[in-house]
Amino acid sequence: MAEQMMDTFAGRALSGKLGEPGWLSGLREEALQFFQSAEIPWLEKTDLRRRGFDWLDGPEARVHEAAKALYDQLDGPKALVVDGVLQFVDAPVEVLEAGVIFGDLHACASKHEKIVQKHLFSAVSHTESKWAAMNAAAFRGGVFLYVPEHVVLDRPVVIIRAQTSVHAGAYPRTLVVGDVQSSGAVTEVFFRAPGTPSKEATTSVVEVIAKADAHWKIGIVDEILDGPAHFHERRAVVDKDASVDWVFASTGDGFAWSSLQTVLKGAGARSTMRILGTSVGRMHHDLTAKMVHQGRSTESDIVMHGVLRGRSNAVFRSCTEIVKGAVDAGSEQHDRMIVLDSSARADAIPMLLIDENDVKRCGHAASVGKIDPIQVYYLMSRGIPEKQALKMIIWGYLEQTVAEMPAPEALRDLLVGRVEKGLVG
Amino acid sequence: MSELKLEIQGLHVAIDGKEIVKGLDLTICGGEIHAIMGPNGTGKSTLASALMGHPRYEVVRGQVLLNGENVLDMSVDERARAGLFLAMQYPAEVSGVSNANFMRQALNAKLGEGHEMPVLKFHRQLQDRMKKLNVDESFADRYLNEGFSGGEKKRNEILQMSMLEPKVAILDEIDSGLDIDALKIVAEGVNTLRSPETGFLIITHYQRLLNYIVPDHVHVMMQGRIVKSGGRELAEYLEAHGYDGLKAELGIEDETVEVGI
């Protein structure tokens, strides 16, 4: 069944259907071939034996009320993609007059061919892994944002990606290019549909290209629900003296392997990652936050916070790679996970891969533990009931990441609601 | 509700199976300030923690009644809402929870659902108390005790006490590590709260604090129980003669509960 579906669902066929230019059709076809011939990879802490890479193809776009309601509340640049179709996109006139390009990635591949061709697949190659190839061959509802030189966006761009069925809109892709000295923020928020464990796979890719002196903040509000296996690649390439700060939040009960990465390519490039992950039910979340230091005097910081309940399992890796020649690099990692139920399992794995002797600073801290009973006692000793005390301590731990999310209040409230539902319910 | 009575009867407390408090009797009535003095390791802080319900301390025997109600049957938060307050020697730090939020939650928990204090009124009251205790305004927004100096933590305890207005306030070595100015502020906090409805139990090594908070009763603890009680003159006697004089008088050689504690 999967093979038949593929005819129009991926590769050259899909590209044609979407009216993409020849160069992109060619790359999609290459990706498809790579995907078909690539073995199912072996992953250290994620067992894929009962999972697979079967295609997901679903109904054409329907209405997603919650996503639409959120879209209607936003007043900055915004896009709503439902079931893999870009349904609405809007940006204030002054933003468009400044030369900002925001919209359908497939159409932009022709209309703004030069810039899309140069950057698409430049951070996450179309043949770098089975899932990256799967996405390259099948992505739909792609969104492209280009911000020209010196342009500063004062409100965050919000991209809403929703699905009405687990089979629809399973291959999203976003490309953000911030030109020299541009700055702003983009947040991508997911409304996923629940399903049951299957051999199908959903993959998403975000590529962020920050040119010299550009400063970007990228938010991801993901929801990983039970159903197909999730594979997500979000990656930034940061040029000289530019910065990309990630704020990443994930909630849910599904099965996921995900990667958040910054390549600090230019001298003086900087990046931070603030990560919040909650796991409930039988969730399996294998998440790697990685900083690759290639330029001189590059700096990075990773802060990861996980909270686990039920029979969930989370593996949070923080990884710093300093390649030979990347002198004077500085990096700090902080990875802390709280296990609320003894049936949940957490792994906090710090990794340092250093090939350069001249390192300015490089530190890591990782811990897995329960909530400190003395903190609970202290709050209770002032009259606060135990349940509320636990809630306050957990929120105290997660709140800063939520507060950092570059998003309007409505979106932040949505995230708060999702975290609460999982942890306090 | 004006009459207050905390009765501690035949209290035995153990930690990790080791008995530290060994038969303690004490009654505190509204308007009274009791001071418990004694050398290190005699069970003073254990008494305070056991009264509040610290999870590591186990009450082996005895009872504690607050206006006739069995305190030991209550959970920690119930004890607090019933009117017990412990200013801790080493209060916990909680990242991400601001002092103001913490105090508001605590106050509202005490007032009960439907009787919460309006936010504005709360902040006015907090500002007022902070000013009186000479506490910097930034305290309100700082995370609970995180990165606080020893003295700041102590003042924060007193600030919480003044906001929550407990029936029985237990101050566990609130004076240790405080300079004389901070000590005066702490004393001021206690004296302001002094009323016929409130009782105090002040645990201290030193007589110094009692120059500023004048106790009605002074008790000396050794070997896990009260070995001598008296008026404020007892504190002065101890200041002049030290604990050794009292030990000789009582025929006690080792005042601690267990060597090395």
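Modeller: Happy to! This is a predicted model, in which local features need pLDDT of at least 70 and side-chain atom pairs count only at pLDDT 80 or more, while totals for chains, interfaces and linings use all residues. Residues are numbered from 1 along each chain as its sequence is written, chains are lettered from A and ligands numbered from 1 in the order written, and side-chain values use heavy atoms, leaving out hydrogens and water.

Colleague: At what angle do the axes of helix H3 and helix H8 of chain A cross?

Modeller: Helices (H or I, at least four residues) and strands (E, at least two) are DSSP runs, numbered from the N terminus. Axes are lines fitted to C-alpha atoms, for helices over the stretch in contact, with angles from 0 to 180 degrees between N-to-C directions. The axes of H3 (residues 22-37) and H8 (residues 130-138) of chain A come within 8 Å, and they cross at roughly 140°.

Colleague: Which residues of H8(A) make the contact with H3(A)?

Modeller: Contact means heavy atoms within 4.5 Å. H3(A) brings A:Arg28, A:Ala31, A:Leu32, A:Phe34 and A:Phe35. From H8(A) come A:Lys130, A:Ala133, A:Met134, A:Ala136, A:Ala137 and A:Ala138.

Colleague: Which strands does H8(A) lie across?

Modeller: H8(A) runs at about 85° to S8(A). The strands of chain A that H8(A) lies across are strand S6 (173-178), strand S8 (201-210), S10 and S12.

Colleague: What is the strand order of the open sheet of nine strands?

Modeller: Two strands pair if DSSP finds at least two bridges between them. The edge strands, each pairing on one side only, are strand S3 (101-104) and strand S18 (345-354) of chain A. With mixed pairing, the order in chain A is S3-S4-S6-S8-S10-S12-S14-S16-S18.

Colleague: How many bridges join strand S10 to strand S12 of chain A?

Modeller: S10 (residues 229-238) and S12 (residues 255-264) of chain A run parallel. A:Ala236 stands opposite A:Thr262 in S12(A). The number of bridges joining S10 to S12 of chain A is ten.

Colleague: Which residues are closest to the centre of the largest cavity?

Modeller: On a 1 Å grid over the protein atoms alone, a cavity is a set of points where a 1.4 Å probe fits but cannot get out, and lining residues have an atom within 4 Å of a point. The largest cavity has a volume of about 110 Å³. Of its 16 lining residues, the closest to the centre are A:Phe9, A:Asp57, A:Asp83, A:Arg140 and A:Gly169.

Key:
1 Å grid on protein atoms, 1.4 Å probe; cavity = no way out; pocket = protein on both sides within 12 Å on 5 of 7 lines; lining within 4 Å. Points joined across faces, edges and corners; volume = space filled by probe spheres on them.
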